[in-house]
Amino acid sequence: MDYKALAAAVGNREGFGTQEWVYRVLRSGIVNGSLPGGMQLKQDEISAALNVSHIPVREALRQLEAQQLVTIHANRGATVTELSRKMLIDFMQVRAAISVDLLQSAIPQMTDADFAEFDAILDEQRTVNDLMTTEDLNFKFHEMLTARANNPVADMMMEMIHANIDRYLRSGFYSDAAARENSVVEHEAILNACKKRDIPAATKLLHNHIMDAVSRIPETVQ
């Protein structure tokens, strides 16, 4: 595995502690599929490639384990967590439930400035084709939907869930033009309901939007 290439994609360590930087490098590789489920992560190899000691690598792996992205085996090192189809669906159901609850609290607090930012995200989503940018915009849209709920604990859980789900869906969803177009249409419908302060409609649309992704789980995931 070319960990140096992963590090180059993330950028240099400026502004980050060594452990946080190593964590970001490994997490990026897991989420974008470069480090697939079941792959062994060797501390010696990572340390040498990133030119860091074993300590920040070990701590970064523990941080990834807390997000269920890595499994650490006693005396056998660490591997990228491999999720089953049921686990992915469980993650989606939890994501939908938390998202709906947060959106209920967020809609009354949304401002005209928020709606203008939503519109800007949608405008960019309509034109972009780059896979990474598409994923980033999708995450930003969903993050904004719940931001006004002001629940940092839920936000932390949602970030973990997003990372676990999207590493399995990204290649079949974000790279498919029809799927991207449908996603933007659904985002527009959710946003319009939010602008009308129609909480029942907005939450129902959001729940269905998230659960529709079940059909995008690759057939290889059993």
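Reader: Let's start with His142: which residues does His142 touch, not counting those up to four places away in sequence?

Author: Happy to. A contact means heavy atoms within 4.5 Å. By that rule, His142 touches Arg95, His187, Leu206, His209 and Ile210. Keep in mind that this is a predicted model, where local features need pLDDT of at least 70, side-chain atom pairs count only at pLDDT 80 or more, and totals for chains, interfaces and linings use all residues. Residues are numbered from 1 along each chain as its sequence is written, and side-chain values use heavy atoms, with hydrogens and water left out.

Reader: Where is His142 found, and is His142 buried or exposed?

Author: Helices (H or I, at least four residues) and strands (E, at least two) are DSSP runs numbered from the N terminus. Buried means under 20% relative accessible area, exposed means over 50%, and partly exposed lies in between, using a 1.4 Å probe and protein chains only. His142 sits in helix 7 (residues 131–147), and its relative accessibility of 11% makes it buried.

Reader: Now the whole chain, please. How many helices and strands are there?

Author: The protein chain has 10 helices and 3 strands. Read from the N terminus, the order of elements is α-α-β-α-α-β-β-α-α-α-α-α-α.

Reader: What does the radius of gyration say about the chain?

Author: The idea is to set the value over C-alpha atoms against a globule rule of 2.2 Å times the number of residues to the power 0.38. For 222 residues, a compact globule would come out near 17 Å, and the protein chain, at 18 Å, agrees with that. Its C-alpha trace spans about 55 × 40 × 30 Å along the principal axes. Buried residues account for 43% of the 222 residues. Among contacts with a separation of 6 or more, 72% join residues 24 or more positions apart.

Reader: Which residues have the most contacts inside the largest nonpolar core?

Author: First the general picture: in soluble globular proteins, nonpolar side chains tend to be buried together. A nonpolar core is a set of buried Ala, Val, Leu, Ile, Met, Phe, Trp, Tyr and Cys residues joined through side-chain atoms within 4.5 Å. Here the largest has 40 residues, and Met92, Leu103, Met110, Phe118, Leu145 and Cys194 have the most contacts inside it. Two or more residues each come from helix 5 (85–106), helix 6 (112–127), helix 7, helix 8 (152–173), helix 9 (177–195) and helix 10 (199–211). Helix 5 gives the largest share of this core, 8 residues. Take Leu145: leaving aside neighbours within four places in sequence, Leu145 is in contact with Leu103, Ala106, Met110, Phe118, Ile190, Cys194 and Leu206. A second, separate core has 24 residues, including Trp21, Leu41, Leu69 and Val80.

Reader: How do I read the sides of a helix? Which residues of helix 1 are buried?

Author: Look at the arc, taken from the directions from the helix axis to the C-beta atoms. In helix 1 (residues 3–10), the buried ones are Tyr3, Leu6 and Ala7. Their arc around the axis is only 100°, so they lie on the same side of helix 1. Lys4, Ala8 and Ala9 are exposed on the other side. The cover over the buried residues includes helix 2 (18–31), strand 1 (40–41) and helix 3 (43–50).

Reader: And which residues of helix 3 are buried?

Author: Ile46, Ser47 and Leu50 are buried in helix 3. They too cover an arc of only 100°, which puts them on the same side of helix 3. Asp44 and Ala48 are exposed on the other side. Helix 1, helix 2, strand 1 and helix 4 (54–66) are among what covers the buried residues.
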